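Have the structure open while reading.

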Amino acid sequence: MTLTAKPAATNAPADEPGPPAASARPKRARRTPLTWIRGGGLWNLAFLAPMLIVFGVFSWGPIVQSVIMSFQKTNLVTPAVWVGFDNFARVLSDPNLGTAVLNTLYFAGLALVFGFPLPIIMAVLMSEVKRGKGLYSALAYLPVVVPPVVAVLLWKVFYNASPDGVFNTILGFFGIPPQPWLQSSATAMPSLVIEATWAAAGGSIIIYLAALIAVPPELYDAAEVDGAGIWRKIWHVTLPQLRGILFIMLILQVIGTAQVFLEPYLFTGGGPNNATLTVLLLIYRYAFQNSLGGAYGEATALSLMLAIFLGLLSWLYFKLTDRWSTN
């Protein structure tokens, strides 16, 4: 008897579909000028055109004109003459440039040492106050409301070097002899920094107070449970939570102090003996050193060099602090 083998039965039914084929990736529609117009591109452009024109004319227009003028010899009275890089060479060979740069760095260093931590300390102390916080905030912001020229002229009276001057009278109560203030090369720049710190601290205090509101109170409660005092809470809770704001405020202050002009111009005019001559004040002297028009080419050349330096400094700063400011 012969046995015939039966075919093995298959588990899957014959009509069951196989594995799904890979779905084809949808093709992106090609963007053409016609599709852009149909999508409302002309209306968007018409809506943005006034803003773009105003921004281009009043913002980028002067910048482009300044770059062109930096390669010209012109006083805005006589016809301009193309001189290439001669303006940059004359500025770099000016003996006052080194003095102006060192004075600007001196001002920026003093402003960072005294003017940067002071608003942070004031904001933290004001945030701990339970009553009258609004009054203290208004008093802190009051110097910002005072017009800068009025503030400088008022402080110029306070800085009277005679024994009857306001500040010298106050120092006399403590047995300190009268100080020359603006009349001495040694004390002129610190005097400018004190006034500039007083004038600008209020705005920074308000920014820090707004940032402190966003700090979760649970972090302070946890720190108190761990037995942390006020200074440990500030160091381990407040400052880490303000890290991003601190890094932004630091670079803004560096840029602002590098462009200081109002205080040296109104207080001392760059004196005594160029002790308060800054880069922007030197640019002003180039541009307006005589009634017929100054060396605008040299002024714009120095302005361009300052802008490039601050741009590179900002780029390097953000590259170095990118990880620190976010972690």
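L52 sits in helix α2. Helices here are DSSP runs of H or I with at least four residues, numbered from the N terminus. L52 is partly exposed, at 48% relative accessible area; that class lies between buried, under 20%, and exposed, over 50%, with a 1.4 Å probe and protein chains only.

The model is predicted: local features need pLDDT of at least 70, side-chain atom pairs count only at pLDDT 80 or more, and totals for chains, interfaces and linings use all residues. Residues are numbered from 1 along each chain as its sequence is written, and side-chain values use heavy atoms, without hydrogens and water.

L52 belongs to a nonpolar surface patch with W36, I37, L42, L45, F47, L48 and M51. Together they have about 820 Å² of accessible area, by the Shrake-Rupley method with a 1.4 Å probe. Nonpolar side chains are joined within 5 Å. α1 (33–38) and α2 (41–69) each supply at least two residues.

The largest pocket holds about 570 Å³ of space. Of its 27 lining residues, A196, T197, A199, A200 and A201 are closest to the centre. A pocket is an open set of points on a 1 Å grid where a 1.4 Å probe fits, with protein on both sides within 12 Å along at least five of seven lines; lining residues have an atom within 4 Å of a point. The lining divides into 19 nonpolar, six polar and two charged residues.

| Feature | Largest share |
|---|---|
| Nonpolar patch | α2, six residues |
| Lining of the largest pocket | α9, nine residues |

Note on methods. Patch = residues over 30% accessible without salt bridge, like charges linked within 9 Å, V, L, I, M, F, W, Y side chains within 5 Å. Salt bridge = Lys/Arg side-chain N within 4 Å of Asp/Glu carboxyl O. Points joined across faces, edges and corners; volume = space filled by probe spheres on them. Nonpolar A, V, L, I, M, F, W, Y, C, P; charged D, E, K, R; others polar.
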